[in-house]
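Here is a structure to look at before the talk begins.

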Amino acid sequence: MEIKLKLNGRAVTASVEADTVLLDFLREKGCLSVKRGCDTSNCGLCTVLMDGKPILSCSTLAVRADSHEVQTLEGLQEEASDFVGFIADQGADQCGFCNPGFVMNTIALLRENPDPTDDEIRAFLAGNLCRCSGYDGQLRGIRSYLDSRKA
Amino acid sequence: MITIQNYVRAQSLEEAWQLNQNKRNRILGGMLWLRLGSGAVGTAIDLCDLGLDAIEETDEQFSIGAMVTLRDLELHAGLNTYTHHAVADAVKDIVGVQFRNMATVGGSIWGRFGFSDVLTVFLALDTYVQLYQGGIVPLREFIEMKKDRDLLVRLIVKKSPCRITYTSMRNQRTDFPVLACAVSCIGNEYRASIGARPSQATLTCTDNPGSPAEFAAFVAEHTPTGGNLRGSAAYRTHLIRVLTERCMTELGGM
């Protein structure tokens, strides 16, 4: 099936099978920040933005992205660069495998709620799992980024 | 994993219904069982072009399209004002924001899943299901109906004078609930909807609830429970008493 979408600002036309998942399609297109984690809609590692909303690409058919806009971390480097250093400074990314999902969902959080409380950060990022850090590092990093903007 | 041969974006409910009469075909919801499910689907039928992704509010009711996401429910100001935030409370711990941006009301209700927070909260409201062939059916009747090849078009929530509160017990915040509980008062009728028993939610109603503790005991007595890896039947029955009494007290019970 032929699909047409906007991927990281570029128009893309491609032929896909009916059951190709968006994750595999995006990786084929070179978006290697999109990783396969649990593969069962639970860990948040494969998060991408579709029409600005965070979704799980492991459980989205590529054909459903037809006529939509998809953004991955490759297309959002500048927006991410504002805060990822703060997360790294807190030692939050130990193995780093979960980072792309966390960063994508943090972008979605800050677009929706530019000044979240700690509880709002925890609630928004509850769908991103990290097996190393216990989540405090990510929270501290985002908090210090937000505090730096107020300084 | 589920495999799919063909994909069709239906351009009308009739087209979707016709395609769905073939048992090899299947309606797509949020697709969140795509990897955990199994089997071969002939044609996946997508309703995403049918304008069923909106919540319409009038003076009398909310009309919630089948493709409305759980995140839409969570953020809808009118629905959450009417339900005193019970709908948002019911969905807020379902996995994560990304998951809730995908999971649809239609998929949740049609599946009649035992673990469903969504079914539990809507069962406590004055809710109806609009089926393409079957017409408008009260939700409490719909959950007793045998699954067929009809289409769930939308959910209708009547704005009856209502107070409602929702809570659940989870072993871990974003896990399935061990027990889900919604208590409402619609007119003079007190309703307790108990989900994740672990079977599908059931409704217990009375006009004379007594004290919160008496109502909780009444609900526990009339709600069958079972055991699974999240909790035993006895534990769930205990939880029904605790959560129902808590909800009833919050509701300002008799």
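What follows is a short exchange about a predicted model.

Reader: How many strands does chain B have?
Author: This is a predicted model. Chain B holds ten helices. Its strands number twelve.

Reader: What percentage of the residues in chain B are buried?
Author: Along the principal axes, the C-alpha atoms of chain B fill a box of roughly 55 × 45 × 30 Å. A residue is buried if 20 or more other C-beta atoms lie within 10 Å of its own. Of the 254 residues in chain B, the buried share is 48%.

Reader: Among contacts between residues at least 6 apart in chain B, what share joins residues at least 24 apart?
Author: Take the contacts in chain B whose residues are at least 6 apart in sequence. Those joining residues at least 24 apart make up 62%.

Reader: What distance separates the centres of domain 1 and domain 2 of chain B?
Author: The domain assignment puts domain 1 of chain B at 2–46 and domain 2 at 55–158. Domain 3 covers 162–251. Taken over C-alpha atoms, the centres of domain 1 and domain 2 of chain B are separated by 20 Å.

Reader: Which helix gives the largest share of the side of domain 1 of chain B that touches domain 2?
Author: The contact takes ten residues from domain 1 of chain B and eleven residues from domain 2 of chain B. On the domain 1 side, six residues are nonpolar, four are polar and none is charged. The largest share of that side is four residues, and they come from helix α1 (residues 13–20) of chain B.

Reader: Which strands stand at the edges of the five-strand sheet in chain B?
Author: This open sheet has the order β4-β5-β8-β6-β7 and antiparallel pairing. On average, its neighbouring strands are turned by 20° against each other, direction ignored. An edge strand has a single partner strand, so one side is left without a neighbour in the sheet. The edge strands in chain B are β4 (55–57) and β7 (135–138).

Reader: Which residue in β8(B) is the bridge partner of B:Tyr128?
Author: Strand β6 (residues 127–131) and strand β8 (residues 152–158) of chain B run antiparallel. Five bridges join them. The bridge partner of B:Tyr128 is B:Ile156.

Reader: Which helix lies across β9, β10 and β11 of chain B?
Author: An open sheet of four strands in chain B has the order β9-β10-β11-β12. Within it, seven bridges join β10 (residues 177–186) to β11 (residues 189–195). The helix across β9, β10 and β11 runs at about 35° to β10(B). That helix is α10 (residues 233–251) of chain B.

Reader: Which residue in the turn between β3(A) and β4(A) has a positive phi?
Author: In chain A, strand β3 (residues 47–50) and strand β4 (residues 53–56) pair in the antiparallel sense over four bridges. They form a hairpin with two residues between them. The turn residue with a positive phi, about 50°, is A:Asp51.

Reader: Which residue in β5(A) stands opposite A:Leu49?
Author: β3(A) also pairs with strand β5 (residues 69–71) of chain A. The sense is antiparallel, over two bridges. Opposite A:Leu49 stands A:Gln71.

Conventions. Residues numbered from 1 in each chain as written. Chains lettered and ligands numbered in written order. Predicted model: local features only at pLDDT ≥ 70, side-chain atom pairs only at ≥ 80, totals over all residues. Domains from an automatic or database assignment. Contact = placed C-beta atoms within 7 Å. Nonpolar A, V, L, I, M, F, W, Y, C, P; charged D, E, K, R; others polar. Pairing = 2+ DSSP bridges. Axes fitted to C-alpha atoms, helices over the stretch in contact; angles between N-to-C directions. Buried ≥ 20, exposed ≤ 12 C-beta atoms within 10 Å, placed from the backbone.
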